[in-house]
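Let's walk through a protein together, one question at a time. Have a look at the picture, then follow along.

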Amino acid sequence: MYFIDSAGWLSSVAKHPSPNFNARPPATEISLLVIHNISLPAGQFGGHFIHDLFANCLDCSAHESFADLRGLAVSAHLLIDRDGAVSQFVSFADRAWHAGVSQFDGRENCNDYSIGIELEGCDEVAYTNAQYDALIAISRALRNSYPAITAARIVGHNDIAPGRKTDPGAAFDWAYFKNALE
């Protein structure tokens, strides 16, 4: 079971503060949970590259595919790795830079009012049971702390940036995840 402290940090997880965040607009209600996936290099799991990306210290010469990431400043609130281990990079009270150009239910700039969770993975590879277990427990804690995050307001990156993003992809079992939250 997870708890969220008064500063917006999740209990019992590794904290790796990212510089890639800013304040949410005043009086913003957190009302959206966005599920993403990430793997660096694409389709490869494990290692430190995701943490390095969120900390702005990724060695872009370490892999040829990293060239496009040079100068990119991104973050998510959380990362759940393949073993279900959770790292927090940005307080839920703050605006992580995970959604990019986005809109949900007619409202733009999803970073303003959302929480972003990255699953270590890719669109075509099944996520692990450990990842689902952690995601379900965390989603419950988030919904307890932020009641405006209803079941209908838990979406994929593809839902808020259609045509631009595809994650969490076809491998993500939405039915299993949503049923487990009930």
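Q: What share of the contacts in the protein chain with a separation of 6 or more comes from residues 24 or more positions apart?
A: Keep in mind that this is a predicted model. A contact here means heavy atoms within 4.5 Å. Counting contacts with a separation of 6 or more, the share from residues 24 or more positions apart is 70%.

Q: Which radius of gyration does the protein chain have, and what would a compact globule have?
A: The chain has 182 residues, so a compact globule would come out near 16 Å. The C-alpha trace spans about 45 × 35 × 35 Å along its principal axes. The chain's own value agrees with the globule figure: it is 15 Å.

Q: How many residues does helix α2 have, and how far does α2 reach?
A: Helix α2 covers residues 129-145, which is 17 residues. At 1.5 Å a residue, the expected reach is 24 Å. From first C-alpha to last, α2 comes close to that, at 24 Å.

Q: Which elements do the buried residues of α2 pack against?
A: Buried means under 20% relative accessible area. In α2 the buried residues include Y132, L135, I136 and L142. The partners of the buried residues of α2 are β3 (32-38), β4 (78-80), β5 (86-88), β9 (114-120) and α4 (174-181).

Key. Residues are numbered from 1 along each chain as its sequence is written. This is a predicted model: local features need pLDDT of at least 70, side-chain atom pairs count only at pLDDT 80 or more; totals for chains, interfaces and linings use all residues. Side-chain values use heavy atoms; hydrogens and water are left out. The radius of gyration is taken over C-alpha atoms; the globule rule is 2.2 Å times the number of residues to the power 0.38. Helices (H or I, at least four residues) and strands (E, at least two) are DSSP runs, numbered from the N terminus. The expected span of a helix is 1.5 Å times one less than its number of residues. Buried means under 20% relative accessible area, exposed over 50%, partly exposed in between (1.4 Å probe, protein chains only).
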